[in-house]
Amino acid sequence: MPQEPQPPNLVLDLDALAAAVGERPDRQAAWRFIHAFARDWSQRPLTGADGYTPAELDAAQARIGLPLPAALREAYQLLGQRIDLTDNQDMLLAPQDLRIDEDRGVLIFRVENQSCAYWGIRVTDLDKDDPPVVVRADLVRPTADDWDAWLGRVSVAFVEIVLSEALCADEDLMGWVTPDRDTGLPEDITATFQRLPFPEYPISQQPGSLWYAHDEIILRDDRGTAMFRARTEAAFDRFDGEDEEFEED
């Protein structure tokens, strides 16, 4: 008898991801997802030595004279010093480098690698446990509307950071797919890849970016280009062989 096709091996904690971004958000689920992702997609799992200490974060609070939200502290204590998870493309600022955009009242914690974009939390939201994150494309000519909504909670933003930085973690395991201008991603991808339970959000344009996964591949569709990362060489080779639209970086 012919064998039934095996379900794709996503190697992602989708239950934790869904709980982190759901209607009743659980930020501890975001940390569980990151723990599992680090274990399964990076060179080594997270350990207690991978973050900053409470004393270092207290010193940052004292220096800037403002509180750090609980979720931001937890993220920094969990993986703040794992640059392989946070700094392959853009940069998570160390506690001593956290700074305030005084003109617009935003605590900046992440910077694009050429200083073309910044991520932060509005000072008016710093008293919240898991506040929204805003993004700014340019700090050269500030305007009243230059900080825009990005993701609704710090914990979800760190899930995005870990996923996006993983795309750039290993050039031998990453590549690009060029969606059709009118129809989007190639049909073989839309038919087989699973949309991840992650909110649509802006990268550089609207409509926003979407995440997909299939058989040890994660893929971010930025609605014009799509970047993917394989977990293993075997998964990369399977995707290379199956998708004629594939373009290696």
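Glu-171, Asp-172, Glu-233, Asp-237 and Asp-240 form a patch of negative charge on the surface. In such a patch, residues with over 30% relative accessible area and no salt bridge are grouped, with like charges joined within 9 Å (for nonpolar side chains, Val, Leu, Ile, Met, Phe, Trp and Tyr, the limit is 5 Å). This is a predicted model, in which local features need pLDDT of at least 70 and side-chain atom pairs count only at pLDDT 80 or more, while totals for chains, interfaces and linings use all residues. Residues are numbered from 1 along each chain as its sequence is written, and side-chain values use heavy atoms, with hydrogens and water left out.

**The negative patch**

- Asp and Glu count as negative and Lys and Arg as positive, while His and the chain ends are not counted.
- Each charge is placed at one atom: CG of Asp, CD of Glu, NZ of Lys or CZ of Arg.
- Asp-172, one of the patch residues, sits in the loop between α6 (154-167) and β7 (174-177). Helices (H or I, at least four residues) and strands (E, at least two) are DSSP runs, numbered from the N terminus.
- Asp-172 is exposed, at 61% relative accessibility. Exposed means over 50% relative accessible area, buried means under 20%, and partly exposed is in between (1.4 Å probe, protein chains only).
- Accessible areas come from the Shrake-Rupley method with a 1.4 Å probe, and for residues only the protein chains shown count as cover.

**Salt bridges**

- The structure has 19 salt bridges, each being a side-chain nitrogen of Lys or Arg within 4 Å of a carboxyl oxygen of Asp or Glu.
- Arg-39 pairs with Asp-40 in a salt bridge, and their closest N and O atoms are 3.0 Å apart. Arg-39 is exposed, with 51% relative accessibility.
- Another salt bridge joins Asp-58 and Arg-73, at 3.0 Å from N to O. Asp-58 belongs to helix α3 (residues 54-64) and Arg-73 to helix α4 (residues 70-79), so this pair ties together parts that are 15 residues apart in sequence.
- How do the two partners differ in cover? Asp-58 is partly exposed at 40%, whereas Arg-73 is buried at 15%.
- Arg-104 and Asp-146 also form a salt bridge, with 3.9 Å between the closest N and O atoms. Arg-104 is in the loop between β2 (99-101) and β3 (106-111) and Asp-146 in the loop between β5 (133-136) and β6 (148-151), so the pair ties together parts that are 42 residues apart in sequence.
- In this pair, Arg-104 is partly exposed at 32% relative accessible area, while Asp-146 is buried at 11%.
- Arg-44, Asp-50, Arg-82 and Asp-84 are linked in a network of salt bridges.

**Helix α4 and other buried places**

- Why is α4 described as largely enclosed by the rest of the structure? The reason is that 7 of its 10 residues are buried.
- These buried residues of α4 are Ala-71, Leu-72, Arg-73, Ala-75, Tyr-76, Leu-78 and Leu-79.
- An α-helix has 3.6 residues a turn, so residues three or four places apart point the same way.
- Val-133 is in strand β5 and is buried, at 0% relative accessibility. The C-alpha atoms of Val-133 and Val-154 are 6.0 Å apart, although 21 residues separate the two along the chain.
- Pro-202 lies in the loop between β8 (194-195) and β9 (210-214), and at 19% relative accessibility it is buried. From Pro-202 to Val-135 is 9.1 Å, C-alpha to C-alpha, and 67 residues in sequence.

**Positive phi angles**

- Most residues other than glycine have a negative phi.
- Val-11 has a positive phi, near 55 degrees. Val-11 is in the segment before α1 (14-21) and is buried, at 17% relative accessible area.
- Arg-223 also has a positive phi, near 60 degrees. Arg-223 is in the loop between β10 (217-221) and β11 (226-230) and is partly exposed at 29%.

**Cysteines**

- How many disulfides does the structure hold? The count is 0, where a disulfide is a pair of cysteine sulfur atoms within 2.5 Å.
- Cys-116 is partly exposed at 42% relative accessibility, and Cys-168 is partly exposed at 22%.
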